[in-house]
Amino acid sequence: MTILDAAGAVRRARRLPQSVVAKRSGEAVPNLSSIENGRRTPRADKLDRILRASDARLVVAPTTRVSALETSTEIRKALRSGDSRQAFRAWLAFGDALAAENAVNRVVLAAFPPEPTGSEVFDAALASLAELRLHEVNGPVPEWASDAPALDDETVLADSPYVRSVDPADIPDEFRRRRVLIAGDTLASV
């Protein structure tokens, strides 16, 4: 995710229409759209004003690993281009990023809510993964993750279309509650 992707991703994560952010920031809707689509590059002060209009702000974190917000944006882009395997790899990379961090940085990377990915399965899986990795270090779980709804039907999440079932004993509780079926060994960091 680039810094410019942040403006649109944050707005979508907060589920705010462009018109609301434009009004709050004093920016015209067409200009905001151009910034979100990468056709215009705002100065830092303008980007800060846009982010604050979306109830967020730019911060520096002591890590270079991907956050839940960045991951959701990557998944959304991959799914829009029809690449479900890339979406799965982005999701798995988020789990690896959290697993590699200490407790404080895990909380930082999971704190800001992700934008909708366009897939209820990936949305539920992202919340399950954040919750699992935070439980591993007894970290607080953000509301976006703890309140994420369960899927209507049990759904297998796998990188391969050939994986059709998962042994229930292998499914971490955080995934089972949301009806996302994935084997725990799939989550082992590589």
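# Reading the terms in a predicted model

The second largest pocket in this predicted model has a volume of about 380 Å³.

Q: What makes a residue part of the lining of the second largest pocket, and which lie nearest its centre?
A: A lining residue has an atom within 4 Å of a pocket point. For the second largest pocket, 16 residues line it, and Arg15, Asp123, Trp144, Ala148 and Pro149 lie nearest its centre. Helix H8 gives the most to this lining, with four residues.

Q: How do you know that the span of helix H8 agrees with its number of residues?
A: H8 covers residues 120-136, which is 17 residues. At 1.5 Å a residue, they should span 24 Å. The end C-alpha atoms are 24 Å apart, so the two values agree.

Q: Why is H8 called mostly covered?
A: Buried means under 20% relative accessible area. In H8, 13 of its 17 residues are buried.

Q: Why is Ala169 called exposed?
A: Exposed means over 50% relative accessible area. Ala169 has 65%, so Ala169 is exposed. Ala169 is found in the loop between strand S1 and helix H10.

Q: Why is the pair of Phe88 and Trp91 called tilted?
A: Ring centres must lie within 6.5 Å to pair, and planes under 30 degrees apart count as stacked, over 60 as edge-to-face and the rest as tilted. Phe88 and Trp91 are 5.5 Å apart, centre to centre, with 40° between the planes. That angle falls in the rest, so the pair is tilted. Both residues lie in helix H6, three residues apart, about one turn of the helix.

Q: What makes the pair of Trp91 and Phe175 edge-to-face?
A: Planes over 60 degrees apart count as edge-to-face. Here the angle is 85°, and the centres are 6.1 Å apart. Trp91 lies in helix H6 and Phe175 in helix H10, so the pair ties together parts that are 84 residues apart in sequence. Both Trp91 and Phe175 are buried.

Q: What links Phe88, Trp91 and Phe175 into a cluster?
A: Ring pairs do. Trp91 pairs with Phe88 and with Phe175.

How values were computed. Residues numbered from 1 in each chain as written. Predicted model: local features only at pLDDT ≥ 70, side-chain atom pairs only at ≥ 80, totals over all residues. Heavy atoms only, no water. Helix = DSSP H or I, 4+ residues; strand = E, 2+ residues; numbered from the N terminus. Expected span 1.5 Å × (residues − 1). Buried < 20%, exposed > 50% of the residue type's maximum accessible area, 1.4 Å probe, protein only. 1 Å grid on protein atoms, 1.4 Å probe; cavity = no way out; pocket = protein on both sides within 12 Å on 5 of 7 lines; lining within 4 Å. Points joined across faces, edges and corners; volume = space filled by probe spheres on them. Phe/Tyr/Trp six-rings, centres within 6.5 Å; stacked < 30°, edge-to-face > 60°.
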